[in-house]
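Student: Could you go through this model with me, a piece at a time? I'd like to ask things as they occur to me.

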Amino acid sequence: MATIVQCLSSCAALNSKFKALSLNGTSPTSSLSTRRRGVCSSSLSFSQSVSQCVAFSSGNMWVVKKKPARQSIVCEAAPTKKADSAAKRARQAEKRRVYNKSKKSEARTRMKKVLEALDGLKKKADAVPDEIVTVEKLIGEAYSAIDKAVKVRALHKNTGARRKSRLARRKKAVEIHHGWYVPAPVTAPAAEAVTMAA
């Protein structure tokens, strides 16, 4: 404290002798400059704003000014917040993702129910042809769910067609397994192809 008072009195005495004082160099401890937000300028004019005057052995001076009463506003060059249009797009994408997920999930659930019913019917030894009617109802519900998913573009149209075809083939395989459906003989189209080639 005594050194600061002595330095201030010597600085006040220098004010009358020098109009401007040239400073060269900076503070030996850079942490002091960043901590106290010191300002070192090329010319020094003594005024009431000087709060501390420290002399170093090398003869250089470091002047720390008082902090301003107002807080300064810092503007960042790169904003961290998304632009309004990007935020809106993100909200829309999330809304669509949830909607599409529900449509696809419904189609998968209906397909799973049909496939489980068909597997149970195939394993049943004493199944009757009337039992396929309940499976056909489930197949109709699955087709409807798949078509709705395709309509809102949650599924591609080819994917929807492939899934419906898979269900139809499984149903036909169960019918063939129990003897409720007899496929047409394959030899007839081959005979037609031979006659057309001749």
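Student: Where does Lys-124 lie?
Tutor: Lys-124 lies in the loop between α3 and α4, where helices (H or I, at least four residues) and strands (E, at least two) are DSSP runs, numbered from the N terminus. Bear in mind that this is a predicted model, in which local features need pLDDT of at least 70 and side-chain atom pairs count only at pLDDT 80 or more, while totals for chains, interfaces and linings use all residues. Residues are numbered from 1 along each chain as its sequence is written, and side-chain values use heavy atoms, with hydrogens and water left out.

Student: And what is Lys-124 in contact with, leaving aside its neighbours within four places in sequence?
Tutor: With those neighbours set aside, Lys-124 is in contact with Glu-131 and His-178, contact meaning heavy atoms within 4.5 Å. Lys-124 and His-178 are 54 residues apart along the chain, and their C-alpha atoms are separated by 9.4 Å.

Student: How does Lys-124 count, going by its relative accessibility?
Tutor: Lys-124 counts as partly exposed, because its relative accessibility is 37%. The cut-offs are that buried means under 20% relative accessible area, exposed over 50%, and partly exposed in between, with a 1.4 Å probe and protein chains only.

Student: OK, on to α3 and α4. At what angle do their axes cross?
Tutor: The axes of α3 and α4 cross at roughly 160° and come within 8 Å; axes here are lines fitted to C-alpha atoms, for helices over the stretch in contact, and angles run from 0 to 180 degrees between N-to-C directions. The two helices, α3 and α4, are therefore roughly antiparallel to each other, since angles under 35 degrees count as roughly parallel, over 145 as roughly antiparallel, 65 to 115 as roughly perpendicular and the rest as oblique. Among the residues that make this contact are Lys-103, Ala-107 and Leu-121 of α3, and Leu-138 and Glu-141 of α4.

Student: Which residues of α4 are buried?
Tutor: In α4 the buried residues are Ile-132, Val-135, Ile-139, Ala-142, Ala-145, Ile-146 and Ala-149. They cover an arc of only 135° around the axis, which puts them on the same side of α4; the arc is that of the directions from the helix axis to the C-beta atoms.

Student: Why would residues a few places apart point the same way?
Tutor: An α-helix has 3.6 residues a turn, so residues three or four places apart point the same way.

Student: What covers that buried side, and what is on the face turned away from it?
Tutor: The cover over the buried residues of α4 includes α3 and α5, whereas the face turned away from the buried side carries the exposed residues Thr-134, Lys-137 and Lys-151.

Student: What follows α4?
Tutor: After α4 comes Arg-153, whose phi is positive, near 65°, although Arg-153 is not a glycine. Arg-153 lies in the loop between α4 and α5, and it counts as exposed because its relative accessibility is 73%.

Student: Now α5. How many residues does it have, and how far does it reach?
Tutor: Helix α5, residues 157–178, has 22 residues and reaches 32 Å from its first C-alpha to its last, close to the 32 Å expected at 1.5 Å a residue. That expected span is 1.5 Å times one less than the number of residues.

Student: Which of its residues are buried, and which are exposed?
Tutor: The buried residues of α5 are Thr-159, Gly-160, Arg-163, Leu-167, Lys-171, Val-174 and Glu-175. Seen down the axis of α5, they fall within an arc of 160°, so they line one face of the helix. Lys-157 and Arg-169 are exposed on the other side of α5.

Student: What do the buried ones pack against?
Tutor: They pack against α3 (84–123) and α4 (132–151). For α3 and α5 the packing angle is about 10°, with the axes 10 Å apart, and α3 and α5 are therefore roughly parallel to each other. The residues making that contact include Arg-108 and Leu-115 of α3 and Arg-166 and His-177 of α5.

Student: Last one, the whole chain: how many helices and strands are there?
Tutor: The protein chain has six helices and four strands, and its pattern along the sequence is α-β-α-β-β-β-α-α-α-α. Of its 198 residues, 20% count as buried.
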